[in-house]
Amino acid sequence: MPSLLCPAEAIAPGTSRGFTLGESSCLVVKNHDGDIYVYLNSCPHLGVELEWVADQFLDSEGQLIQCSTHGALFRIESGKCVAGPCLGEYLQA
């Protein structure tokens, strides 16, 4: 049975939050349309966690997920890297 991270209303549109599930760390993003996406909190380039401040996974415009280590940018809807050293790779949903 899947774990409940939090009520959907606890995440505002255009924001993100990090969670720990057992040994795994994940990030949840709610885009500006209210759609929710969940990914493992691990950059495909170095395997490091993406945020540098708790719950801060998005770029300054809130349009892309950003790795704080090297600035790679990922599409919220697919997890695909569109800029940075892991170009074309994906976050794990």
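## Terms and model

Two strands are taken to pair if DSSP finds at least two bridges between them, and the strands themselves are DSSP runs (E, at least two residues) numbered from the N terminus. This is a predicted model, in which local features need pLDDT of at least 70 and side-chain atom pairs count only at pLDDT 80 or more, whereas totals for chains, interfaces and linings use all residues. Residues are numbered from 1 along each chain as its sequence is written, and side-chain values use heavy atoms, with hydrogens and water left out.

## The sheet

Three strands form an open sheet in the order β1-β2-β3, with antiparallel pairing. Because β1 (15–21) and β3 (36–40) stand at the edges with a single partner strand each, one side of each is left without a neighbour in the sheet. Direction ignored, neighbouring strands of this sheet are turned against each other by 25 degrees on average, the axes being lines fitted to C-alpha atoms.

## Pairings and turns

Seven bridges join β1 to β2, and in this part of the sheet T15 stands opposite K30 of β2. The two strands form a hairpin with two residues between them, where G22 in the turn has a positive phi of about 60 degrees.

Strand β2 (residues 24–30) is joined to β3 by five bridges, again in an antiparallel arrangement, and V28 has V38 of β3 as its bridge partner. In the hairpin of β2 and β3 there are five residues between the strands, and G34 takes a positive phi near 90 degrees.

## Burial and nonpolar cores

β2 is mostly covered, since six of its seven residues are buried, that is, under 20% relative accessible area with a 1.4 Å probe and protein chains only. A nonpolar core is a set of buried Ala, Val, Leu, Ile, Met, Phe, Trp, Tyr and Cys residues joined through side-chain atoms within 4.5 Å. The largest such core has 16 residues, of which L27, L50, I65 and F74 touch the most other members; β2 and β3 each supply at least two residues of this core. A second, separate core of five residues includes C6, I11, C26 and V28.

Leaving aside neighbours within four places in sequence, F74 is in contact (heavy atoms within 4.5 Å) with residues including C43, P44, L50, L64, I65 and C67.

How values were computed: Helices (H or I, at least four residues) and strands (E, at least two) are DSSP runs, numbered from the N terminus. Axes are lines fitted to C-alpha atoms, for helices over the stretch in contact, and angles run from 0 to 180 degrees between N-to-C directions. Buried means under 20% relative accessible area, exposed over 50%, partly exposed in between (1.4 Å probe, protein chains only).
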